[in-house]
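Here are my notes on the model you sent over. Have it open while you read, and go through the points in any order you like.

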Amino acid sequence: MATTDVSTDQQAAEASVAQSVRDYYGKVLASSADLKTTACCTDVAPPPHIAAALAEVHDEVMERFYGCGSPIPPALEGATVLDLGSGSGRDVYVLSQLVGPTGRVIGVDMTEEQLAVARRHQDWHAERFGHANTDFRHGYIEDLAGAGIPDASVDVVVSNCVVNLSPDKPRVLSEIFRVLKPGGELYFSDIFSDRRLPASLLDDPVLVGECLAGALYTEDFRRALERVGCPDARTLAASPVTISDPDIEVKIGFATFTSRTIRAFKLPLEDRCEDYGQVAVYHGTIAEHPHAFDLDDHHRLHTGKPALVCGNTVDMLAATRYAAHFTVTGDKSQHFGLFPCTPAEGAAAPGLGAAPGCC
């Protein structure tokens, strides 16, 4: 009986959080100007090709967008992309242009008001882009099967400041790695905290809606990824979150928050960066990155320049959709010990860019 009670209480708590998120994004916020912190928005200028794609998105879709980064990786032509918590559809419509007519973009969101905005402009965008390749589904990111997403059916999963809103993050990650194809990529931006936050904060709808109460503790995120078979996630960028609202500062100012962009692959990687004497050369053939490719915050591969890399990095480059853009020399027949590699100073929290698990 006790187990049933705990389960029932947990389900009730999760339902309460979900309802709070629906109300905040569906009814409380009229536009991004209503946000009280910088957690769910970004003032970082997007890359030129993303900026150009954004210029083609309908004004209403842009006005109802909330996000903490630009979680859109390169080399997407022809890919099937899944956007978790797609909201008004901004990133879906950007991705629609990048995957092109042979690609497909699926947006999943639990907020009917946001989905209504996204769906209202599907025909408008299809006419503007010259192709119709978007699909918006009502559902929960903890249950992608319920939204009709099959196993191993997606090349790339993106998410923009949404995973923190889930009351069951391990289940979200499990679902992501279920739907990804082998070699598929999770590429997302979200809010991370430097500690575990009190569960009582989830009762505050503003703290939840502002992406703070559910922020991912870096080490718990690392452990959850390991449990779904991903021991090496890479941090691409990190920036501090500013809390300017005095009431929010009083409630949660004891913790430090950062907005991070992370990539992780569905690959059989090792839990440490191992040295096999392998070398990678980038061809400069990704259109938006002619001179260098940034795998993470401490791996910039310059066009034409051989780079000694660890075994995990080789797999990320050679066993994914990036393979055509690199030449890799060497195999894993001879081992030389741990790979001597560390992230850029101050760029990543332990576990999300520092050894173990990331070269």
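This is a predicted model: local features need pLDDT of at least 70, side-chain atom pairs count only at pLDDT 80 or more; totals for chains, interfaces and linings use all residues.

1. The protein has eleven helices and 13 strands. Of its 359 residues, 53% are buried.

2. On how the chain folds back on itself: take the contacts with a separation of 6 or more, and 80% of them join residues 24 or more positions apart.

3. Now for a helix pair. Helix α4 covers residues 90–99 and helix α6 covers residues 122–129; they pack with their axes 11 Å apart, at an angle of about 25°. That angle is under 35 degrees, so α4 counts as roughly parallel to α6. The crossing of the two is right-handed. On the α4 side, the contact is made by Tyr-93, Ser-96 and Gln-97, while α6 brings Gln-122, His-125 and Phe-129. Sorted by class, this contact has four polar residues, two nonpolar ones and no charged ones.

4. How many of the ten residues of α4 are buried? Nine of them are, so the helix is mostly covered. The buried set runs Arg-90, Asp-91, Val-92, Tyr-93, Val-94, Leu-95, Ser-96, Leu-98 and Val-99. Have a look at Arg-90 and Asp-91 in the viewer, as both are on that buried list. After the helix comes Gly-100, which has a positive phi, near 75°.

5. Helix α11 (residues 311–318) is another mostly covered one, with seven of its eight residues buried. These are Gly-311, Asn-312, Thr-313, Val-314, Asp-315, Met-316 and Leu-317.

6. Is Asn-164 buried or exposed? This residue lies in the loop between β4 and α7. Its relative accessible area is 2%, and the cut-off for buried is under 20%, so Asn-164 is buried. Setting aside neighbours within four places in sequence, Asn-164 is in contact with Lys-169, Asp-190, Ile-191, Val-208, Cys-211, Gly-214, Ala-215 and Leu-216.

7. Pro-290 sits in another loop, the one between β9 (278–282) and β10 (292–296). With a relative accessible area of 38%, Pro-290 falls between the 20% and 50% limits and therefore counts as partly exposed. If residues up to four places away in sequence are not counted, Pro-290 touches Gly-284 and Thr-303. His-302 is twelve residues from Pro-290 in sequence, and their C-alpha atoms are 9.0 Å apart in space.

8. Last, Arg-300, which lies in strand β11 (residues 299–302). Its relative accessible area is 52%; exposed means over 50%, so Arg-300 counts as exposed. Arg-300 still touches Ala-292, Phe-293 and Asp-294, again not counting residues up to four places away in sequence. Tyr-282 is 18 residues from Arg-300 in sequence, with 9.8 Å between the two in space, C-alpha to C-alpha.

Methods: Residues are numbered from 1 along each chain as its sequence is written. Side-chain values use heavy atoms; hydrogens and water are left out. Helices (H or I, at least four residues) and strands (E, at least two) are DSSP runs, numbered from the N terminus. Buried means under 20% relative accessible area, exposed over 50%, partly exposed in between (1.4 Å probe, protein chains only). Contact means heavy atoms within 4.5 Å. Axes are lines fitted to C-alpha atoms, for helices over the stretch in contact, and angles run from 0 to 180 degrees between N-to-C directions. Angles under 35 degrees count as roughly parallel, over 145 as roughly antiparallel, 65 to 115 as roughly perpendicular and the rest as oblique. A crossing is left-handed if the near helix is turned anticlockwise from the far one by less than a right angle, and right-handed if clockwise. Ala, Val, Leu, Ile, Met, Phe, Trp, Tyr, Cys and Pro count as nonpolar, Asp, Glu, Lys and Arg as charged, and the others, Gly among them, as polar.
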